[in-house]
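Here is a short briefing to read alongside the model.

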Amino acid sequence: MSVSLLGFSQEEEDYSNLNWLTDFDLAKKESTLSKKPILIYFTGSDWCSPCKMLKEDFFNTEAFETKAENFVLLMVDMPRRIDIITPEQKKKNKILVKKYNKKGGYPNLVVLKKDLSVIGELSGYTFLRETDRHFTFIDEHIGKY
């Protein structure tokens, strides 16, 4: 009998069965093909405590997974550790932060419509761990391609 165990660090991303893209060009193409808005999630996966809580309380829920079908998901991670993303990806992410997360808030959700203009933004997550405003935000932007 053989037993195999896989270990994962706490910082490893596990957004349920969601297909989080990390390439903006791919997200744009997918948005055009699927006629869905892009939901950008700005996170600091290894240092942002509210980001980690939002992942657990909001993104890793069946309720979000169902609503996520209405969006092209794009994760823009700005970790402090250098082994989480490549230097090339970090450069690309910095460009996206400069353009779509000008205030530099983390976590930050931004919805883009087909012309890549911002139609909604929601920043922050509190230690009260209430996801109501995040679900309301998502609901308000479903179908706004």
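Among contacts between residues at least 6 apart in sequence, 70% join residues at least 24 apart, where a contact means heavy atoms within 4.5 Å. This is a predicted model, in which local features need pLDDT of at least 70 and side-chain atom pairs count only at pLDDT 80 or more, while totals for chains, interfaces and linings use all residues. Residues are numbered from 1 along each chain as its sequence is written, and side-chain values use heavy atoms, with hydrogens and water left out.

**Confidence and surface**

- The average pLDDT of the protein is 90, and 89% of the residues score at least 70; pLDDT is the predictor's confidence in each residue, from 0 to 100.
- Residues 1-13 call for some care: pLDDT stays under 50 there, and the model has nine contacts beyond four places in sequence for this stretch.
- Of the 145 residues, 43% count as buried; buried means under 20% relative accessible area, exposed over 50% and partly exposed in between, with a 1.4 Å probe and protein chains only.

**Sheet**

- The protein has five helices and four strands, and along the sequence they follow the pattern α-β-α-α-β-α-β-β-α. Helices (H or I, at least four residues) and strands (E, at least two) are DSSP runs, numbered from the N terminus.
- The four strands make an open sheet with mixed pairing, in the order β2-β1-β3-β4; two strands pair if DSSP finds at least two bridges between them.
- β2 (72-77) and β4 (118-123) are the edge strands, each with a single partner, so one side of each has no neighbour in the sheet.
- From one strand to the next, the twist averages 15°; axes are lines fitted to C-alpha atoms, for helices over the stretch in contact, and angles run from 0 to 180 degrees between N-to-C directions.
- Strand β3 (residues 108-112) and β4 run antiparallel and are joined by five bridges. N108 has S123 in β4 as its bridge partner.

**Helices on the sheet**

- Helix α2 (residues 49-59) lies across β1 (38-43) and β3, at about 140° to β1.
- Helix α5 (residues 132-141) also packs on the sheet, where it touches β1, β3 and β4, and its direction makes about 175° with that of β4.
- Eight of the 11 residues of α2 are buried, so the helix is largely enclosed by the rest of the structure.
- Those buried residues are P50, C51, M53, L54, K55, D57, F58 and F59, and they pack against β1, α3 (62-68), β3 and α5.

**Disulfide**

- There is one disulfide, defined as a pair of cysteine sulfur atoms within 2.5 Å.
- C48 and C51 form this disulfide, with their sulfur atoms 2.4 Å apart, and both cysteines are buried.
- What is its handedness? The torsion about the S-S bond of C48 and C51 is about 75°, so the disulfide is right-handed.

**A buried loop residue**

- N101 sits in the loop between α4 (87-100) and β3, and N101 is buried with a relative accessible area of 2%.
- Leaving aside neighbours within four places in sequence, N101 contacts F42, L96, Y106, N108 and E121.
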